[in-house]
Amino acid sequence: MEKRHKNALVVGAGISGIRTALDLAQQGNTVELIDRHPAMGGLLAQLDYQFPTNHCGMCRLLPLTRRDEGSQYCLRKGMFHENIHIRLSCELKNLEGEAGNYTARLRQKPTWVDPDRCVGCGLCEAVCPSEIADCFNEGLSDRKAIHLPVPHAIPNAYVIDLASCTRCGECEKICPADAIQLSQSRRRDFQILVVDDELSIRDSLKEWLDEEDFSVDMAASGGEALDMLGKKPYALMLTDIKMPEMEGTELLELAKTSYPDLVVVMMTAYATVETAVQAMKMGALDYLVKPFDPQTLIPMVVRIFQDTEAAKDLELQVDTVVISTGTTFYDPADPRNLFGYGIYPNVLTHIELERMLSHTGPSQGQLVRLDNQQQVRKIAWLQCIGSRDTQVHADYCSGICCMIALKEAILVKKMTQNSTDTAIFYMDMRTFGKSFQAYYDDAKKDGVRFVRCRIHSLAQDRETRDLVIQYVSKSGEHLTETFDMVVLSTGQRPGHQMKELSDICGVDLNPYGFIQPQPFFPAATGNPGVFVGGSATGLKDVAESVIHASAAGLNASGVIWSHHRQAPLTAQGQEAGPVMDETVRDVSREPVNIFTVICSCGHRLEQEVDPGHIMSGLRDDPEMVGQLVIDRLCTAEGWENMVSALEKVDANRFLIAACHPYVFARKIKTLARKMNLHPSLFHAVDTARLFWSVDSPAKEDGSTSGSRVLQELFQGATVLKHTGTDPIMPIPVTRRALVVGGGIAGMTAALSIADQGVEVDLVERDKSLGGNCLWLTRTLEGDAIGPLLNDTISRIGQHPGINVHTQSSIKDITGQVPSFFTVIETDEKQLVNRSHGAVILATGGSEARTDSYGYGTSDRIMTQKEVAAKWGGDGANPADLGTVVMILCVGSRMQPRNYCSRVCCPTALKQAQDLRQSNPDLDIYIIYRDMMTHGFSEAYFTRARRDNIMFISYEPEHPPEVETDQNRVLVRVNEPTLGVPLEIETDLLVLATGVTPQLPDELSATMGVEKDGNGFFLEADAKWRPVDSLKQGIYACGLVHSPRSVTDTIATAQAAAQRALSILSNETQYSGQIAAQIRHSLCSRCERCIPACPYVARWRDPEDDHIHVNDMMCQGCGACAVVCPNGAAILEGFTGKRMLGVIDAAFQGTTVKEVFLEAEK
Amino acid sequence: MKPESIQTSFNEVKEMVQACIQCGTCSGSCPNTFAMDHTPRKLWRMVLGDQAQSVLASKTFILCSSCYTCTLRCPRGLPLTEAMARLVQLARKANPLLFKKSHAFYDAFLQSVKNHGRVNEAGFMTHYFFTMKDPLLPLKFTPLGVKLMRKGKVAMPAFNFGLGRGSRPRGKMAAIFEKIRQMEQHP
Amino acid sequence: MAEFNPIIIAFVCNWCTYTAADLAGTSRIGYPENVRLIRVMCTGMVDPQYIIKAFLEGADMVLVSGCHPGDCHYINGNYKARRRIKLLHAILPTIGIERDRLKLTWIGASDGIQFARTMQELVVQAKGMGPGSGRPEIMT
């Protein structure tokens, strides 16, 4: 088995796996990214829309620096990166070793189609006779046994679903690329030896096995068999037991001694079964009882064959492993099937609805009923299907189904122009994220109906097949509603084969089968070198998944650092060198010599056009020095042919015409390196689609395909003529980080960065570190915060790489990544100048103030924080209390603080739990709007109810009332079910007011970061870059980012640290080839380009009076080039000259008069 | 029955439904809510709110037909049908006068079972009318009786004690009832 | 004189529409040969000069197509394109080019079918409008 080494193994190539892999790769670590499916993307490959922004934008996950190391196209279609090796249809089978030194065994499932050869032409699909349900479309449409796993992936190789393949072989015959190898042909290599003294048996067996395409030899005796075993490598031996000269068991013993890998199956007559069993103890695999027929023999042989094939496992040495295997969903067709799923045609799960709403789905985005294709006029969502339901062993919440339903309802409203009635039936509307409450309000504004009632079952009208929902409202009214379609918001279930994976990796599972993270550290597992990211620990939305994935990446890079690196990565130290090396051949002084390679696309080229015509057309241009036609460039073989041909060619630019130019980007880089040329001297154009496209009306075009091909080629040639070959200059990085804020978030981030050899300045405004953790005692799960805090503070104190500045603040920050210039005002009012490569904002948050509900009029009315301070530790005695009332959502989830603070519901439960434990007779009432106990914290809600804590829900329109009268506090609230007003006299009233951020305007203005409408840090992208600011190099974590628990705060801190390390880990950074340049001589200082840049990367330097662009921040969008009136701002790689030339070339050959616009833009 | 033991039994019922989240599944599933004064959801809320008086004066649990749909579907896994049955027993002890009719019916039914091994409709109805001492009561039952007789659901003349349809030796039933009586006295 | 076959120049953004076109190709849906694709990194970098040049070279229709609003890889490039196209719509008629000859569409990366359909519709429309005024006499 081949042994290779990678720094990290990431199991699962969904969003989280991709994020972790990219984070590690950006630092220069090598990653093996595997997924059991034949395609990347996980769940999100099936979803076109994700809340809260209702659009994609996944491409924003791609690295901002060193852009050319990876792919630069739509991420939903796939990706590549120099440091990431992707292995699909691959599973982890074994893991041994310890952190820093694991040996992983990977098993790659054969898909019977060689991805290196498949060109994706689709001819096989057309001839395949076997039709089955398409699992990409959740069974709503059909596909063939040979199919594309994800329709929009690049590159897209077909795979065969073996379970439904009939082995007819039609696809294999028609494949133009010889890519299909049904195991039939591999069977020929599987050598079987049949040993029996009876000729009739030998003959029958040979005949049966021959028919199955196996290679069979025969031996009449043990001695002959041993002889033959020595001559050929046999994989399987079928031997009789009772033979005259040598017993089968003796043969077995001898054979196994010399050929231990030989699989032996004994054949025996009934009387000698005992001998057969004994033989198995001696090493035989199995036995067959004579007489037997092919139906018994063949499946066993096939199984042995497949196992042998499968045993060709790969071994990989890795430093660390990250599990990103995600979750699956509850199947509503469990034995009870209360909702008629699979029986009533118009009942769907939410994923099925997503496919229906997708443009690439079974109905191309038309929302129609599944029984009669009529328009859907009324649609309902039923929440908590398979979640929060002890009947299906799911005493947990699945976290994001509420948001998913909101998103889908909003989409349906939009797609049907508000004509469809949408209703959501729910118990609690869990909108716990920063922007989720606003999203909920938007849904209400859009006219989505909300009914607070759990629907327990569905009935179907016999004639119309409408779905009937019956329920009883709170007031006791019986209501019935019919719908065209009902969507079941199915809950989470553990990922595939979690038990097996957890055994292999040595990690624990929680009682429900999800991976159990360590307390406080959501990416850590029980195995010190194995980490977990994404939804494998519980279903999360995109933003949280990305945060946890980055946190897992941080833990992984920490292990890699401590075991392997111990030194910063220099340009030479990286395994994949920088893309632009100054040692490549300088062609700037050579005349342009373009060599063209045209793919004949399986000889379609010769059929469709006259290659001679194309060649002569090209030769009209003196700069096109040579042409060559090669077949099937997309296959490994074709590419090799081209490479060897090119080595003999003398040219300095190469034009490649084939299909899927994206696919070539990676190969081109390797080729460029080999030929010692700059990669942008190679260009690929797509000509194949001109042959493969279905006949369209325009084919009657007088212009033959030939001239269209020529136009494409000339467009490509123009690009090459104008390509720039300046190397990308390395940007020196200031390898020091600034962390503003010394709470748990800031400290965790500081430690994470310092542990990887980067110096950190930790600035804290107060006298001591600790922030909110100084008064928090424990989490809802019961983990004590004190020890964590003390441990963290002492590690900070002992760390040589962290400079702590308490009672200090940031006076000013100027400059940009990777060199910020900071002025810190210390405790003695001194000003200290430091420079930093990246900044992490962790200034935290505090409890919100309130004056509602009589706060301030009585000392019996307290906020949650005050209660924690007073009753926690050795404060006053709860035994003195008789009644406690807690009111939640005080000032939260309403203007002006229209967001959920997420921690108040768990805190209330925690405090109620504590009170209940110290005083079992206490009357505790919790008055709430929606209980935000999402995920596995739901169990605490159940427990609280069981502990005799009374929960009373209220609507924001009718809040409770509080009256204070001398020493009494009276709380009045309406009991919704009974419809009666309650008056509770209470000894203690606790108000949950929520969290407000601590981000002063001066600081945010100084740093150049933006705040959202509620004062929290505004992320560059809510989903894909959740801890980054749009101004590159500045990250945020903790409460200043969004309200969250201590554990989730640590997740953001680790994520921010990893993002910062992607800049700070290396001594130098690089931008991409496509970036902004400035011609200062043409610049008129109009400054239009500065606000045009979305990344705030441009500025006017007062010293030299020039416009400058920060190479690291610039992403190459070209906005500056368009607004510049003088052509001083250009986009390297897309200069005006090139664009105009390309436009010209698009017309070449069809206009009589060719107009050249030589003037510079 | 002593008020303290009523309270204790009531608290037992309360503990059974303690984890109720007021989701509405039970009310939605119950086929008999149309006739109840309080829906099951409301009833459990009242139980949790310690409103023993109102609960024990409600008709809801009497109308429970023990179909078990609510118990099967309750997301909190609460033993609702059992709780209803407990309330029936509790109400009998706490509010004998209010539920006199239902209890008389119930007793007559069980007496018939004890005597014959299974219900003898005509016999037990006669017993019931006797106990109620209301001359008009039989008339109220007439339409239902006719309907049942048409469908062959009523055993003919009630005067074949111990003979006819499925009778069992009295001794065994009596032993079962005696055992239950013992269990009820010493829970 | 052969039947009029319009030339459509399409400036397509690298992230969304270009990959949609690729998808149309791989799905064997195909789109008319009349369309010549010119890849740009973002619709926000499509200079009005390019559009006018295309018309002057002989384009009968020019399409600018990019990511849906909110999806732009570079945050807001497509919004910039939208504003520019709006201005161009006002200006083009003054130089003799009908405003309907300049189109702006948002086509996402997985919308291969949508792309092909849009191209087919545009060809039909362009045929209906006849040769553009910028196009010199040609023989095809």
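# A walk through chains A, B and C

Start by selecting Pro896(A), which sits in the loop between strand S41 (883–887) and helix H24 (904–918) of chain A. Helices here are DSSP runs of H or I with at least four residues, strands are runs of E with at least two, and both are numbered from the N terminus. The peptide bond leading from Gln895(A) into Pro896(A) is cis, with omega near 0 degrees.

Before moving on, a word about the model: it is predicted, so local features need pLDDT of at least 70 and side-chain atom pairs count only at pLDDT 80 or more, while totals for chains, interfaces and linings use all residues. Residues are numbered from 1 along each chain as its sequence is written, chains are lettered from A and ligands numbered from 1 in the order in which they are written, and side-chain values use heavy atoms, leaving out hydrogens and water.

Next, select Lys290(A) and Pro291(A), which are joined by a cis peptide bond with omega of about -5 degrees. Pro291(A) belongs to the loop between strand S14 (286–290) and helix H9 (294–310) of chain A. Then go to Glu138(A), in the loop between strand S6 (131–133) and strand S7 (142–144) of chain A. Glu138(A) is not a glycine, yet its phi is positive, near 50 degrees. Most residues other than glycine have a negative phi, and most peptide bonds are trans.

Pairing requires at least two DSSP bridges between two strands. S44(A) and S45(A) (residues 968–975) are joined by five bridges. To see one facing position, pick Thr964(A), which stands opposite Val969(A) in S45(A).

**Where chain A meets chain B**

Colour the chains separately and look at A with B. Here 31 residues of chain A touch 30 residues of chain B, contact meaning heavy atoms within 4.5 Å. Together they bury about 2,500 Å², 49% of it on carbon and sulfur atoms. Buried area is the accessible area (1.4 Å probe) lost when two parts are put together, summed over both. Three salt bridges cross this interface; a salt bridge needs a side-chain nitrogen of Lys or Arg within 4 Å of a carboxyl oxygen of Asp or Glu. Select Asp395(A) and Arg76(B) to see a salt bridge at 3.6 Å, N to O.

**Where chain A meets chain C**

Which of the two pairs of chains in contact shares the most contacts? That is chains A and C. The contact involves 58 residues of chain C and 71 residues of chain A, and about 5,700 Å² is buried, with 58% from carbon and sulfur atoms. One salt bridge is counted between chain C and chain A: select Asp1144(A) and Lys53(C), which meet at 3.0 Å, N to O. The side of chain C that touches chain A draws two or more residues from each of several elements, including helix H3 (77–91) and helix H4 (112–129) of chain C.
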